[in-house]
Amino acid sequence: MNQVLGRLTFGPTARQRVRFSGATADEVVAALLDDSPVEVAVPGPWDLDTDEDYWAPTNWWLETMRGELAGLDEKLAWFWHGHLTSSIGKTSHAAMLAQHERLRRHARGNFRDLLRETTTDVAMLHWLDGSGSTADSPNENHARELLELFALGRSSRAYDEGDVRAAAIAMAGWWADGESLEVGFDPEAGPSRPTTVLGRTCRDVDDVIDALCDHPACATHVAGRLATFLAGVEPPDEVRRELGDHFAGAGLDIDVLVRAVCTHEWFMSAPPRPRSALEWFLAAERTVGDRLDVWTLELLGQVPLSPPNVAGWPGSARWVSVGAVLTKAEAALGRAWDAPTLDDDDPVGDAIERAGLTSLDPSTAAALSSAADRVDGRRERSSLLLSLVALTPEFNET
Amino acid sequence: MFDEPTPAPRTTAPAGDGPGFPPSAPRRISRRELLAWLAAAAGAGVAGTSVFAGGSRPVGPRAERTAPAMPPATPDPVARREGGATSLSSGTARWSDLAPAPTDRRLLVVIELAGGNDGLSTVVPAGIAGYHDLRSATRIDDDDVLSIDDEVGLHPNLAGVAALGLSIVEGIGSSAPDGSHFEMFARWWGGHSERVETTGWIGRAADLLHDGSVPTTAISVGSGAHPILRSEAAPTLSLPSLDALWAVAGAPLDDRFLGAFQTGLEALADGAGSGERHRRALGDARSFGERIVARDDSGVDVYDEYGYDWGFGSALHLAATLAVHDAGVRIVHIVMDGDFDTHEGHDWRHPALMADLDRNLVAFHAELDAAGVADRVAVMTVSEFGRTAAENGSRGLDHGTASTALVLGPGTGGRFGRHPSLTSLDEHGDLIATAPFENYLAGTVGHWLGLPADSLFPSATDHLRPFS
């Protein structure tokens, strides 16, 4: 149950543990899939005073993720941000928030709509230099990443350099304004004649999106990316193909894909994976009962709205490192002193409970107990256990 | 059976929805606060004995060391040029005169002057035609320039650096300069002046240096997971500061709380069950920390020795500690606190930055020299671009193109590269780089660390080697 909640949401939260007490993993998955999405109104930059605080949109999103009702849809919004990336470092706050609203709206909608809308939104046009690209001398960045990362995948071998160039020409002519959020198309800069992408005639960006979405490699690629994100390991080829076929058969309905992944035998039996930096951060906050500084996420390398590059955040192996241990130790120690005191009769059990852990290796429990015996007083023992429990192997995976 | 009650739609940002968090804005705990906190926790006078194991200097509030709002109105008139004499030869213990240590014991410290450092205010082209016409509000008076030769001299606030000896590398930039910090940061970090690479050049260097004998050969201090560290395979390490190491290693004997935390980490590392990679990382963090922190017996108080910019000073102190203890780290990347993006007020902000750089580098050399390891260390500066040749209306300088870098350490000395023309400018009125910056990286990194520069920086057209 804990593993499923850790993967499909940012939990397990205390509320989820009460709600799902005694439930099987299958029951948890079914309930999470059927929860109605929490309606989240994405604020504008004027609501957040972004002139004063550069990270206000990131902090707003973190606050939303911390919400007790944040569930599967919050996790999917996070997935799409890491798949159809853009960064606050290369566009305006307003554009980033507007893109975020699109990702949320389509998080379980249709992939074709999602891709179409994000391809011509301000943040993306800035992020991948689509804005200002002309058909005479097209900037290929946007087209290349659209094919390579967003829709088809390099390993699919579904396209070649000619397709990238042809797509770049068909996608030319757009411009975007980060302040007014205006997006426009200049026919003078746009393509003067059709080009051929994946064997299909493309006159404009919509034709390109259709050519990509209709290609069988698209469903397989996106299915593989979502499955890898949730499970922490890449699915075997036959599972990827099976999920892709299902997704394609449903007309790229994301909800159908999400259900297929979450209920797949491969997903349900996947071994524990490392918690991502963000998953650890939110769980550690719940454990010490206090917010951690967003700087901790910066040090761990996973700040929402600021992906490291167009490929988003790297896979789960990245989250285990000496650097991560050092940052986590400092962050946990820095907050634990103000943490709630633990039950004096069973401080170790209470710490484990607050950390949302259920089964511990005996060596982990012994390490916590012997550490607790080394200090005196309820305050010291509580601070020690709550910071130490965040560094246990069990807490660092899901 | 597990239905959630349907929540009321939110119409505003769900601030405060978290379970019982205090409303105060979170922030980073400082080392001083941590020390005070631990002193309180242990109920004893622990403060000052943790990072700096000598413990002879108590750490207390040091309000007097906060940065002044404005720098001194006039720079220290040290080593003013007199009749064209070369002030670079002043001083006795010149770093540049040392013979370098064997290659495999050398450390390279890369200081990133983030924001875009103005080359013309760092190495002042007082004798090159055009400088006086381009700059008025931000011009350094001829009499104040620490003259190197008839053409150029150092900023007056770099007198300490001048006394140590150094190389200057002029005219480096890109043949296709971009005005975006983001774009140019990314190109510098990747080590290619015209496009963005997927790995960072320090990461690639770590791939060549890593042999598994130490947890990491490359560290970045003062930043998050820095893209310059992106490697193909080798582990690299981002550290906020010394504090992060100090959390996991080197607890004083009388600090029971921290001792229990660190013993607990050790027990977790030695445990069983799943999470084998995490447990190994715990063990590596502990052993690496012990290797550095527990052996930091320098007694150096960063506040006293390095000056008020504690972040920068503590990063340099960490680099010195790594060199002294031969920790196997070969590259330390430091993002200097401070803002080189001087769109306005360049005339007073930039001198303060130069003074800060100078003070910290002098302290760094002094620490290395006292330990007898100055021959192991070289320092190089990098910055994403220079600033506009001409001033704007706010006594400032906007994003420019080519810039000048400084290199300190054994075997340095002299001018390298070619200064850009100040009269023949590009179509935007900016400096035309005389060499791609990877030529500078290739020559400096390749020579000092003994690495194959051609494979590290394949786009370099030449190696600008600022060493004799």
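The model is predicted, so local features need pLDDT of at least 70 and side-chain atom pairs count only at pLDDT 80 or more, whereas totals for chains, interfaces and linings use all residues; side-chain values use heavy atoms, with hydrogens and water left out. Residues are numbered from 1 along each chain as its sequence is written, while chains are lettered from A and ligands numbered from 1 in the order in which they are written.

**Chain A: overall form**

- Chain A contains 22 helices and 4 strands. Its radius of gyration (taken over C-alpha atoms) is 23 Å, close to the 21 Å that the globule rule gives for 398 residues, so chain A is as compact as a globular protein of that length. The globule rule is 2.2 Å times the number of residues to the power 0.38.
- The C-alpha trace of chain A extends over about 80 × 50 × 35 Å along its principal axes.
- In chain A, 62% of the 398 residues count as buried, a class defined as under 20% relative accessible area, with exposed meaning over 50% and partly exposed in between (1.4 Å probe, protein chains only).
- Of the contacts in chain A with a separation of 6 or more, 70% are between residues 24 or more positions apart; a contact means heavy atoms within 4.5 Å.
- Chain A has an accessible surface of about 14,400 Å², and 47% of this area belongs to carbon and sulfur atoms. Accessible areas come from the Shrake-Rupley method with a 1.4 Å probe, and for residues only the protein chains shown count as cover.
- Chain A carries 36 positive and 63 negative charges, whose mean positions are 3 Å apart. Lys and Arg count as positive and Asp and Glu as negative, without His and the chain ends; each charge is placed at NZ of Lys, CZ of Arg, CG of Asp or CD of Glu.

**Chain A: a covered helix**

- Helix α19 (residues 322-336) of chain A comprises 15 residues, and the distance from its first C-alpha to its last is 21 Å, close to the 21 Å expected at 1.5 Å a residue. The expected span is 1.5 Å times one less than the number of residues.
- Helix α19(A) is mostly covered, with 15 of its 15 residues buried.

**Chain A: backbone features**

- Most residues other than glycine have a negative phi, and most peptide bonds are trans.
- A cis peptide bond runs from A:Gly11 to A:Pro12, with omega near 5 degrees. A:Pro12 belongs to the loop between α1 (2-8) and α2 (14-19) of chain A.
- A:Leu181 has a positive phi, near 65 degrees. This residue sits in the loop between β1 (174-176) and β2 (183-185) of chain A and counts as partly exposed, at 31% relative accessibility.
- A:Leu252 likewise has a positive phi near 65 degrees. A:Leu252 occurs in the loop between α14 (237-249) and α15 (254-262) of chain A and is buried, with a relative accessible area of 3%.

**Chain B: overall form**

- Chain B has 14 helices and 12 strands, and 57% of its 468 residues count as buried.
- For contacts in chain B between residues at least 6 apart in sequence, 73% join residues at least 24 apart.

**Chain B: helix α8**

- Since 10 of its 14 residues are buried, α8(B) is largely enclosed by the rest of the structure. Among the buried residues are B:Phe257, B:Leu258, B:Phe261, B:Gln262 and B:Leu265.

**Chain B: individual residues**

- B:Asp426 is buried, with a relative accessible area of 17%. Beyond its neighbours within four places in sequence, B:Asp426 contacts B:Thr401, B:Leu431 and B:Ile432. B:Thr401 is 25 residues away along the chain, with 9.7 Å between the C-alpha atoms of B:Thr401 and B:Asp426.
- B:Thr444 is part of helix α13 (residues 437-449) of chain B and is buried, at 0% relative accessible area. Residues up to four places away in sequence apart, B:Thr444 touches B:Met380, B:Val407, B:Leu464, B:Pro466 and B:Phe467.
- B:Gly393 lies in the loop between β9 (377-382) and β10 (403-408) of chain B and counts as exposed, at 84% relative accessibility. The C-alpha atoms of B:Gly393 and B:Trp189 are 32 Å apart, and these residues are separated by 204 residues along the chain.

Methods. Helices (H or I, at least four residues) and strands (E, at least two) are DSSP runs, numbered from the N terminus.
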